[in-house]
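Open the model in your viewer and keep the selection panel at hand.

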Amino acid sequence: MTTTNAKYDKKEQLRQIESGLLQGEEIIAVYDAIGTGTGFIGLTNRRVIVQDKSFVGKRVAITSIPYGKITSVSVVSDKSWGGSFFSTGSIAIHVGAHTYEVAFRGSDKAHHVHNVVLHYIS
């Protein structure tokens with residue numbers, strides 16, 4: 001379990017991911033999410049971990065998505081891109097018929113998550 005070089009926004013979210021690591025698993029990044037539904041996203045060398053706050057009764061789920069189950073990753077925008085491919089701060093991770101959408105504070109985090117997921121699913 002190594003987190004020495006892990007990028008993260010909030011120490012408590014990093015600690016939450018650390019507590020569930022498998023042997024030999026390493027954290028790449030843990031980013032806080034904005035908007036409703038998702039609390040944070042974690043990236044390890046084995047999986048994507050999403051905190052989902054959309055359950056009834058204020059319940060929260062931590063969902064692990066092995067890279068092998070991810071079919072695609074998208075950059076999400078609500079407008080036409082006039083410039084950069086990563087001018088938005090949202091990504092979508094497609095797993096079968098389900099899509100996890102995560103919005104970040106800043107396009108740099110969306111860019112990093114997109115590239116890490118794409119690396120592991122390619």
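**Stop 1**

Select Ser74 and Ala92: Ser74 stands opposite Ala92, which is in strand 7. Before going on, note that this is a predicted model, in which local features need pLDDT of at least 70, side-chain atom pairs count only at pLDDT 80 or more, and totals for chains, interfaces and linings use all residues. Residues are numbered from 1 along each chain as its sequence is written, and side-chain values use heavy atoms, with hydrogens and water left out.

Val73 stands opposite Ile93 of strand 7. Strand 7 covers residues 90–95 and runs antiparallel to strand 6, with five bridges joining the two. Strands pair if DSSP finds at least two bridges between them.

Which side chains of strand 6 point to the buried face? Val73 and Val75 do, and both are buried. Buried means under 20% relative accessible area, exposed over 50%, and partly exposed in between (1.4 Å probe, protein chains only).

**Stop 2**

The three strands make an open sheet in the order 6-7-8, with antiparallel pairing. Strand 6 and strand 8 each have a single partner strand, so one side of each is left without a neighbour in the sheet. From one strand to the next, the twist averages 20°.

Bring in helix 2. Helix 2 packs on the sheet and touches strand 6 and strand 7. Its direction makes about 160° with that of strand 6. Axes here are lines fitted to C-alpha atoms, for helices over the stretch in contact, and angles run from 0 to 180 degrees between N-to-C directions.

**Stop 3: the aromatic pairs**

The structure holds two aromatic pairs. Rings of Phe, Tyr and Trp (its six-membered ring) pair if their centres lie within 6.5 Å; planes under 30 degrees apart count as stacked, over 60 as edge-to-face and the rest as tilted.

Select Tyr31 and Phe104. Their ring centres are 6.2 Å apart and their planes at 85°, so the pair is edge-to-face. Tyr31 is in strand 2 (27–32), and Phe104 in the loop between strand 8 (98–103) and helix 2 (107–121), so the pair ties together parts 73 residues apart in sequence. Both Tyr31 and Phe104 are buried.

Next, select Tyr67 and Tyr120. This pair is stacked, at 4.5 Å centre to centre with 15° between the planes. Tyr67 is in the loop between strand 5 (61–66) and strand 6 (72–76), while Tyr120 is in helix 2, 53 residues apart. Tyr67 is buried, at a relative accessible area of 5%. Tyr120 is partly exposed, at 32%.

**Stop 4: helix 1**

Move to Glu18 in helix 1 (residues 11–18). Is Glu18 buried or exposed? Glu18 is buried, with a relative accessible area of 12%. Show Arg15 as well: a polar contact of 2.5 Å joins the two side chains. A polar contact is a pair of N or O atoms within 3.5 Å; within protein, one must be able to donate a hydrogen and the other to accept it, and residues adjacent in sequence count only if both atoms are side-chain atoms.

**Last stop: the whole chain**

Zoom out. The chain has two helices and eight strands, in the order β-α-β-β-β-β-β-β-β-α from the N terminus. Helices (H or I, at least four residues) and strands (E, at least two) are DSSP runs, numbered from the N terminus. Of the 122 residues, 43% are buried.

Note on methods: Contact = heavy atoms within 4.5 Å.
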